[in-house]
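Student: I have a structure open and want to go through it with you. Can we take it piece by piece?

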There are 2 protein chains.
Amino acid sequence: MPTPIAIALGDPAGIGPEIVAKTWERREAEGLPSFFAVGDLRAVEAVWRGPVSAISDPGEAEACFPGALPVIQLESGGTTVPGAPDLDGARNSLDALELAVGLTRSGAASALVTGPVSKAQLYSVGFVHAGQTEFVAERCGVSSDLVAMMLLGPSLKTVPVTVHLPLRDVPDMLTSDRIVAKGRATARGLQRQWGIESPRIAVAGLNPHAGEDGAMGREDLDVIVPALERLREEGIEVTGPHSADTLFHAAMRSRYDAALCMYHDQALIPVKTLHFDEGVNMTLGLPIVRTSPDHGTAFEIAGKDIASAGAMIAAVRTAADCAERVSRL
Amino acid sequence: MPTPIAIALGDPAGIGPEIVAKTWERREAEGLPSFFAVGDLRAVEAVWRGPVSAISDPGEAEACFPGALPVIQLESGGTTVPGAPDLDGARNSLDALELAVGLTRSGAASALVTGPVSKAQLYSVGFVHAGQTEFVAERCGVSSDLVAMMLLGPSLKTVPVTVHLPLRDVPDMLTSDRIVAKGRATARGLQRQWGIESPRIAVAGLNPHAGEDGAMGREDLDVIVPALERLREEGIEVTGPHSADTLFHAAMRSRYDAALCMYHDQALIPVKTLHFDEGVNMTLGLPIVRTSPDHGTAFEIAGKDIASAGAMIAAVRTAADCAERVSRL
C-alpha cells in the first residue's frame, strides 16, 4: 500500500484551500489516491462546507480519506480571510511547506504537491529562496542548479533553461553549462519519473528561426549547438536547435518527449495555450516527487467558489503516477 | 462581380506551385473565389498533372477558372527543378511578385496572395528589401514602419512589434513609438479589413509575468505602459501589458480581437501551436489586401506531392473575405 500524498495548502488566503477541497470532492470521479493537506484547517472551513478531519499523522489519512478531507493542522496566528493575505498566513504557508517536504522526505508521504504561495508575502516574512522549488531543493540537499522545472499538460512537457529573469538578461545567462545541466535533469527525470527509457528531447533555439545560421543572432550556433554535442556525448538523444515557433504543433509534439526551452515564456506560452486549466509544474532532479498546479494564489477570486481545481487535480494525479513509477525502480 | 485574386507563385523550385495547384483542385470544396497565378507555368506542370491555362490578362481568369488553373506566364530562364533553387528561379519569383502587386494595385486583381520565396536566393539576385512585405509596402508607397505583420488562424490573431531580430536586440529596439505605430496599424486593419468597428487589442508584456511591477525588467512599465496610454488617447481599446504565458488560452482569446506581441516567437509560437496547418500572414496598413501562407519554400519536400495546401487555402480565403469587406467601405 503506497503512503498518501502530502499537499501543502499554500497561502491560506489564496485559492489553495478551495481547490484542495474541490480535488477531494472529485477523488472518486478522478480516481485519485489518498492524500492529506498540511496547513490551517480553518482556511479550508472558511471556503468550503464539506467534511474536514484533523489528523496528527499521515498514517491516519488512508482510513479517514473516503469520508473527509484529512488535514494536518498547523494553526495560523491570523484570522484567514479569503482574498486578504497577511503575514501570519505567509508564515503558515511556509510552515506547511516545511512539514510537507519533511513528511515526503521521510517516506511518510509518497509525493509532495505544493499549493500556490505569494512570493511577495513570503519575502516579507524573511523567506530567502527564489521560490518554493529552490526551498524544496535545499531541504532535499540538492543544488538548485541541478534541478529543473518542467511544465506539463496532457500533450506537452517543456523545461525552461532560464526562468525568472528579465528578457534582456536571458542571452547572457544562457550558457552551454546551464543548457547541459537542464538537459541532463530533463533526461533523468523522464527516465526516472516518467518511465521513458530513451527520452527524446527537442531543444528550442533562442533567436527567431533558431538564428538562421547566425544571420539573426549567434547564440544558437555558439552556445546551444555545443551544449547539444555534450549531451549527445553523454548518450542523451537531443535534436535542435529548432525554430521555436514551429516546435509545438501536434505533429512536432509527437516526435519528442520534452522540449528544452531557453526562457520562461518560450516554455510557458505553448503549455498554457494548449493546457491552461490543467497545467502542472513538476520539479525534476530531486530525490522526491514534487508537483504543483501551474497557477498562482489568485487572491482576487479566493473565497468566491469559482476557482477551477483542474490543475490541482492534474498535479495530484501526476504526482501519484510518478511516485508509483519511482517506487518500482 | 469582384475581380479575381492574384497569387504570386513564389520560388518555382519551392512548394508554391504545388500548393497553388492543390488550392485550385479544392476550389469548389472550399468555396474559393476565382484566382489566377503569376509565375512560370512550367513550374506548375513540373509538379502537377492537372489542367493549366496560360492567360495574358486577369480579365480572362474568371471564364477559365472552372476548368483550369489560370496562369499569367512569366517564363524563367532556368530549368525549374523542384527542390533545386537557382538564380533564374529567384529572378522569376521577383518578377512574379512585381507583376502581381501591380495588378492588385491597379484593381485588375482584388487582392494579393504571395507564395513562399527564399530570401537567401532573392538577396543573391540583388533584392534590397528585408522581405516581400517591405517590397510590397514600397510599391504601394507606404513606409514599412507603418505596416504591420499579422499572423492569424481561426481562433487567434497576433501582431509582433519587432520581427526578425536577434532576441538580444529586442529590448532596445522596443520603443513606445514602435508599439504605438503597430498598435495603430492593428486597430485600423481590424476595422478596415476585418470589419470590427471597435477592435479590442490585448498587449503582451516583454518580461516574464509582464515584469511583475518592475521586479523582472523595467520595459513593461517604462516602454509598454506609456505606449498603451497614447493608444488609449487615440481612442483605441487596449489592455495590458499582460503576462504573455496566460494570454493565449481559449478563455483569454475570446476577450480580444488581436494580441500585440513584443517579438517574433511571442507572436508566432501561439499561432503556430494552435493553427500550424492553416496559419496566414497578412500585411496591415497597405492600400491593398495582401496575405500569404505562413510557411517557407520547403525546398526539401518540393515535388514530392506531400505539401499541405491548408495554409494557402486559408490565405486565399482570408484575402477574399477581407477584399470583400474593403470593397464595401
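Student: Is Asp40(B) buried or exposed?

Tutor: Asp40(B) is buried, with a relative accessible area of 1%. Buried means under 20% relative accessible area, exposed over 50%, and partly exposed in between, using a 1.4 Å probe and protein chains only. Before going on: this is a predicted model, where local features need pLDDT of at least 70, side-chain atom pairs count only at pLDDT 80 or more, and totals for chains, interfaces and linings use all residues. Residues are numbered from 1 along each chain as its sequence is written, chains are lettered from A and ligands numbered from 1 in the order in which they are written, and side-chain values use heavy atoms, with hydrogens and water left out.

Student: OK. Which side chain meets Asp40(B) in a salt bridge?

Tutor: That of Arg42(B), at 3.1 Å from N to O. A salt bridge here is a side-chain nitrogen of Lys or Arg within 4 Å of a carboxyl oxygen of Asp or Glu. Arg42(B) counts as partly exposed because its relative accessibility is 32%.

Student: What about Asp294(B), what does it pair with?

Tutor: Asp294(B) forms a salt bridge with Lys272(B), and their closest N and O atoms are 3.7 Å apart. Asp294(B) sits in the loop between strand 12 (290–293) and helix 12 (310–327) of chain B, while Lys272(B) is in helix 11 (residues 264–275) of chain B, so the pair ties together parts 22 residues apart in sequence. Both Asp294(B) and Lys272(B) are buried. Helices (H or I, at least four residues) and strands (E, at least two) are DSSP runs, numbered from the N terminus.

Student: How many salt bridges over all chains?

Tutor: The count comes to 34. Between chain A and chain B there are six. Asp172(A) forms a salt bridge with Arg168(B), with the closest N and O atoms 3.0 Å apart.

Student: Stay on that interface. How many residues does the contact take from chain A and from chain B?

Tutor: It takes 32 residues from chain A and 32 residues from chain B, contact meaning heavy atoms within 4.5 Å. The area buried between the chains is about 3,000 Å², and carbon and sulfur atoms give 64% of that. Buried area is the accessible area (1.4 Å probe) that two parts lose on being put together, summed over both.

Student: Which three residues supply 22% of what chain A buries?

Tutor: Leu167(A), Arg168(A) and Asp245(A), which supply more of the area that chain A buries against chain B than any other three residues.

Student: And how many residue pairs are in polar contact across it?

Tutor: Ten, both residues being at pLDDT 80 or more. A polar contact is a pair of N or O atoms within 3.5 Å; within protein, one must be able to donate a hydrogen and the other to accept it, and residues adjacent in sequence count only if both atoms are side-chain atoms. Helix 7 (170–173) and helix 11 (264–274) of chain A each supply at least two residues of the side that touches chain B. Helix 11 of chain A gives the largest share, nine residues.

Student: Change of topic. Where are Lys22(A) and Glu18(A)?

Tutor: Both are in helix 1 (residues 16–25) of chain A, four residues apart, about one turn of the helix. Lys22(A) forms a salt bridge with Glu18(A), the closest N and O atoms being 2.9 Å apart. Together with Asp305(A), Glu18(A) and Lys22(A) are linked in a network of salt bridges. Lys22(A) is buried because its relative accessible area is 15%, and Glu18(A) counts as buried at 4%.

Student: What does the side chain of Thr283(A) make a polar contact with?

Tutor: With the side chain of Arg290(A), at 3.0 Å. Thr283(A) lies in strand 11 (residues 280–284) of chain A and counts as buried at 1% relative accessibility.

Student: Last one. Which peptide bond into Pro241(A) is cis?

Tutor: The one from Gly240(A) to Pro241(A), with omega near 0°; Pro241(A) lies in strand 9 (residues 237–242) of chain A. In chain B, a cis peptide bond joins Gly240(B) and Pro241(B), with omega about 0°. Most peptide bonds are trans.
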